[in-house]
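Dear colleague,

Please find below the structure that I am handing over to you. My findings follow directly after it.

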Amino acid sequence: MAANVETMFYTGRETPWHGLGVSVETAPTSKDALVLAGLDWKVVQKNVYTDDWNKIDDYFVNVRDKDNQVLGVVTGRYKVVQNEEAFAFTDDLIGSGVRYETAGSLRNGRKVWILAKLPQMFRVAEDKVMPYLVFSNSHDGSGSIKVAMTPVRVVCNNTLNLALSTAERIWSTAHTGDMDAKLEDARMTLFMAQDYMNKLSTEVDELCKKRVSDAAVQEYIRLLLPIPDNATSVTESNIIRLRRDMAKRYANAPDLKHVGKNGYRFVNAVSDFATHAAPLRKTKNYKENLFLKTMEGNPMIDKAYELVRAA
């Protein structure tokens, strides 16, 4: 398992593209998911002291109760949201029928996430698109609580989490203030999801109308995968190989056979490449970072979308 992924589970017989975690046959309930994901622990806050045992006022250290793992130092304004609270929130948000697809812990518990399938499937340009809810929380004080909706094409598991100017798909808040009230506000995420999917469908219709020539595809690929001016011959050769890979996905992907030569086809090809293609150099955090982009969005996919829209 990669260095930064501490514990995790996923559902299904086939290993997912991120290649991490413990496989289970079916999507579990929140009670089961909490245990399978290794998230059945609590965060406790302890006082912070100097080397000579003087207490530092208004600072606390977040510690995992099961093994005293230090998660981070925070101020007195920081409000803890426990893992079980996150699952309870997701249960309540989606309803009693929620089934969890994956959940886990990163960086020794400093960051945790939950991914659940939303109940309604959408049709976008004749594709079946399933929206997922991702809940992300940090226990080290470095990040906010985030709830995001990520649409995924069922046929190929490619994300369509485009950065639309007309609709939001991410809600976030800092670990301060009245957390109960803030999480209550997050229930608007489901309405946000419906609005985003409606706007996405409209935008995809426009992308389908954008005819893209083979020459334009090659130019877009060069812009997405530029060769630096000071590139070595090895680097240049590797980038050319990646360009060919992306072009092949556009031309030959079985799931795009029904799509004409248009902007939607190109964005999907780039999504397939960004999600599944092996990079030139895999860092130890590569798979974790790729997985987390299901929430944050992928800059390469967004750039492809902007290139097509601007044409």
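This is a predicted model: local features need pLDDT of at least 70, side-chain atom pairs count only at pLDDT 80 or more; totals for chains, interfaces and linings use all residues.

Val73 belongs to strand β5, which spans residues 70-75. Strand β5 pairs with strand β4 (residues 55-64); the two run antiparallel and are joined by five bridges.

A second hairpin is formed by β6 and β7, with four residues between the strands. Here Arg107 has the positive phi, at a value near 55°. Strand β6 covers residues 100-106 and is connected to β7 by six bridges in an antiparallel arrangement. Within this pairing, Thr102 has Leu115 of β7 as its bridge partner.

Strand β7 (residues 111-117) also pairs with another strand. Seven bridges link β7 to β9 (residues 127-138), again in the antiparallel sense, and Ile114 is found opposite Phe135 of β9. Strand β7 is mostly covered, with six of its seven residues buried.

Turning to the helices, α5 comprises residues 214-224, and its buried residues include Ala216, Val217, Tyr220, Ile221 and Leu224. Why do they lie on the same side of α5? The reason is that they cover an arc of only 140° around the axis. As a general point, an α-helix has 3.6 residues a turn, so residues three or four places apart point the same way. The cover over the buried residues of α5 includes helices α6 (233-252), α7 (263-276) and α9 (299-310).

The loop between α6 and α7 contains Asp255. Is this acidic residue, Asp255, buried or exposed? Asp255 counts as buried because its relative accessibility is 16%, and the cut-off for buried is under 20%. Leaving aside residues up to four places away in sequence, Asp255 is in contact with Arg153, Val155 and Cys156.

Yours sincerely

Terms used:
Residues are numbered from 1 along each chain as its sequence is written. Side-chain values use heavy atoms; hydrogens and water are left out. Buried means under 20% relative accessible area, exposed over 50%, partly exposed in between (1.4 Å probe, protein chains only). Two strands pair if DSSP finds at least two bridges between them. The arc is that of the directions from the helix axis to the C-beta atoms. Contact means heavy atoms within 4.5 Å.
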